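Dear colleague,

Please find the structure below, handed over for your use.

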Amino acid sequence: MEEAVSAAEANRRFSLLLRGVREGRSYVVTSHGKPVARLIPAGKHDGVARSARATLLSRLETQPVMNAPRWTRDELYEDDR
């Protein structure tokens, strides 16, 4: 469970928060009530990115090859809004 802490409080208690992170706790730093940063133990989410990448690559490998024409640079960056 992450504990919310204001940016001002995080600034005042940074060394205490780092000690908490070292012990396995996580914090969400907020500014005006909105989350802006997360303090988590290093390496806590390393496996998540690797797993997501592996899942994406395996899914792409199962997709059929499309014989679509090549796009020009202008077509790629065309704004349809």
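This is a predicted model: local features need pLDDT of at least 70, side-chain atom pairs count only at pLDDT 80 or more; totals for chains, interfaces and linings use all residues.

**Findings**

Apart from its neighbours within four places in sequence, Val21 is in contact with Tyr27, Leu39, Ile40 and Pro41, where contact means heavy atoms within 4.5 Å.

Residues are numbered from 1 along each chain as its sequence is written, and side-chain values use heavy atoms, with hydrogens and water left out.

**Core and helix α2**

Val21 belongs to the largest nonpolar core, whose 7 residues are Val5, Ala10, Leu17, Val21, Tyr27, Val29 and Leu39. Such a core is a set of buried Ala, Val, Leu, Ile, Met, Phe, Trp, Tyr and Cys residues joined through side-chain atoms within 4.5 Å. Two or more of its residues come from each of α2 (14–22) and β2 (26–31); helices (H or I, at least four residues) and strands (E, at least two) are DSSP runs, numbered from the N terminus.

Which residues of α2 are buried? They are Leu17, Gly20 and Val21, with buried meaning under 20% relative accessible area, exposed over 50%, and partly exposed in between (1.4 Å probe, protein chains only). These residues lie on the same side of α2, because they cover an arc of only 100° around the axis; the arc is that of the directions from the helix axis to the C-beta atoms. Their cover includes β1, α1 (7–12), β2 and β3. On the face of α2 turned away from its buried side are the exposed residues Ser15 and Arg22. Gly24 follows α2 and has a positive phi, near 105°.

**The sheet**

An open sheet is formed by 3 strands in the order β1-β2-β3, with mixed pairing; two strands pair if DSSP finds at least two bridges between them. β1 (2–6) and β3 (34–39) are at the edges with a single partner strand each, so one side of each has no neighbour in the sheet. From one strand to the next, the twist averages 35°. Axes are lines fitted to C-alpha atoms, for helices over the stretch in contact, and angles run from 0 to 180 degrees between N-to-C directions.

β1 and β2 run parallel and are joined by 5 bridges. Val5 stands opposite Val29 in β2. Helix α2 packs on the sheet, where it touches β1, β2 and β3, and its direction makes about 145° with that of β2.

Thr30 also lies in strand β2 and counts as buried, at 15% relative accessibility. Beyond its neighbours within four places in sequence, Thr30 is in contact with Ala4, Val5, Ser6, Ala7, Pro35 and Val36.

**Salt bridges**

The structure holds 3 salt bridges, each defined as a side-chain nitrogen of Lys or Arg within 4 Å of a carboxyl oxygen of Asp or Glu.

- Arg38 pairs with Glu2, the closest N and O atoms being 2.6 Å apart. The pair links distant parts of the chain, Arg38 in strand β3 and Glu2 in strand β1, 36 residues apart. Arg38 is exposed at 51% relative accessibility, whereas Glu2 is partly exposed at 33%.
- Arg13 pairs with Glu9, with 3.2 Å between the closest N and O atoms. Arg13 is partly exposed at 27%, as is Glu9 at 25%.
- Arg25 pairs with Glu23 at 3.1 Å between the closest N and O atoms. Arg25 is partly exposed at 41%, and Glu23 is exposed at 54%.

Yours sincerely
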